[in-house]
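Student: Can we go through the ring contacts and the strands in this one? Here is the entry.

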Amino acid sequence: MSTETAQASYRLPWFAVQVKSTHEKRVTSLLQYRIYECFLPLYTSRRRWSDRIKSVELPLFPGYVFSRFTPAGRIPILKTPSVISIVGIGGIPAPIDECEIAAIQRAVASGFGLSPHPFLQVGQRVRINGGSLCGLEGIIADIRKRDHLILSATLLQRSVAVEIDSAWVTPIHTSKAQPRSTKTLYWPA
């Protein structure tokens with residue numbers, strides 16, 4: 001992508017493109033070939049076959065690819081093979097918050113262990129104060145005795161868990177009372 005195209009693309013909003021199951025990498029390649037900026041966050045998972053165990057890269061948000069474009073210019077996206085739709089409200093594409101995409105991009109680039117996580121909207125919000133994830137905000141959870149920061153893509157109602165060092169975490173205090181959640185979240189001791 002040329003520098004001029006990249007700069008123009010940077011100002012465009014991010015959208016979630018819904019794709020056929022297992023076609024995320026294919027759609028990302030097709031859109032990038034058409035000079036669209038795309039983001040497909042992946043994680044490594046160990047899969048067991050009858051004769052071996054293999055590490056495979058899977059999408060953090062199965063069935064979705066993120067791309068920058070104008071809502072008026074969405075027709076070429078929708079005509080791309082394996083694209084189902086663009087996530088939106090009432091047929092109008094809804095942009096994803098730039099901060100949510102930036103947080104997920106930083107988490108992927110950090111090299112820490114990532115995994116999909118059930119969407120959480122309420123719970124203890126925290127800020128990371130050290131390391132490569134410094135400044136990110138999310139929800140803290142204790143998963144199998146390891147601390148994880150939960151980053152959410154609110155529009156998709158999906159979340160991602162990234163392993164963190166609990167020494168880097170400080171709680172964010174909100175002025176309004178948080179509603180109680182049915183999920184139990186643990187603050188590291």
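This is a predicted model: local features need pLDDT of at least 70, side-chain atom pairs count only at pLDDT 80 or more; totals for chains, interfaces and linings use all residues.

Student: How many aromatic pairs does the structure hold?

Tutor: Four. Rings of Phe, Tyr and Trp (its six-membered ring) pair if their centres lie within 6.5 Å; planes under 30 degrees apart count as stacked, over 60 as edge-to-face and the rest as tilted. Trp14 and Phe39 are edge-to-face, because their centres are 6.4 Å apart and their planes stand at 65 degrees.

Student: Where do Trp14 and Phe39 sit in the chain?

Tutor: Trp14 is in strand 1 (residues 14-19) and Phe39 in strand 2 (residues 37-39), 25 residues apart. Helices (H or I, at least four residues) and strands (E, at least two) are DSSP runs, numbered from the N terminus.

Student: Trp14 and Phe39, buried or exposed?

Tutor: Trp14 and Phe39 are both buried. Buried means under 20% relative accessible area, exposed over 50%, partly exposed in between (1.4 Å probe, protein chains only).

Student: What about Phe15 and Phe69?

Tutor: That pair is stacked, at 4.7 Å centre to centre with 25 degrees between the planes. Phe15 lies in strand 1 and Phe69 in the loop between strand 5 (64-68) and helix 3 (75-78), so the pair ties together parts 54 residues apart in sequence. Phe15 and Phe69 are buried too.

Student: Which residues do ring pairs link into a cluster?

Tutor: Trp14, Phe39, Phe61 and Phe66.

Student: Switching to strands. Which strands are joined to strand 5 by bridges?

Tutor: Strand 1 is joined to strand 5 by five bridges, antiparallel, and strand 2 by three, also antiparallel. Two strands pair if DSSP finds at least two bridges between them. Phe39 has Phe66 as its bridge partner in strand 5, while Gln18 has Tyr64.

Student: How many residues of strand 5 are buried?

Tutor: Five of its five. Tyr64, Phe66 and Arg68 are on one side, Val65 and Ser67 on the other.

Student: And which side chain does Arg68 contact?

Tutor: Glu98, through a polar contact of 2.9 Å. A polar contact is a pair of N or O atoms within 3.5 Å; within protein, one must be able to donate a hydrogen and the other to accept it, and residues adjacent in sequence count only if both atoms are side-chain atoms. Arg68 has a relative accessible area of 3%.

Note on methods
Residues are numbered from 1 along each chain as its sequence is written. Side-chain values use heavy atoms; hydrogens and water are left out.
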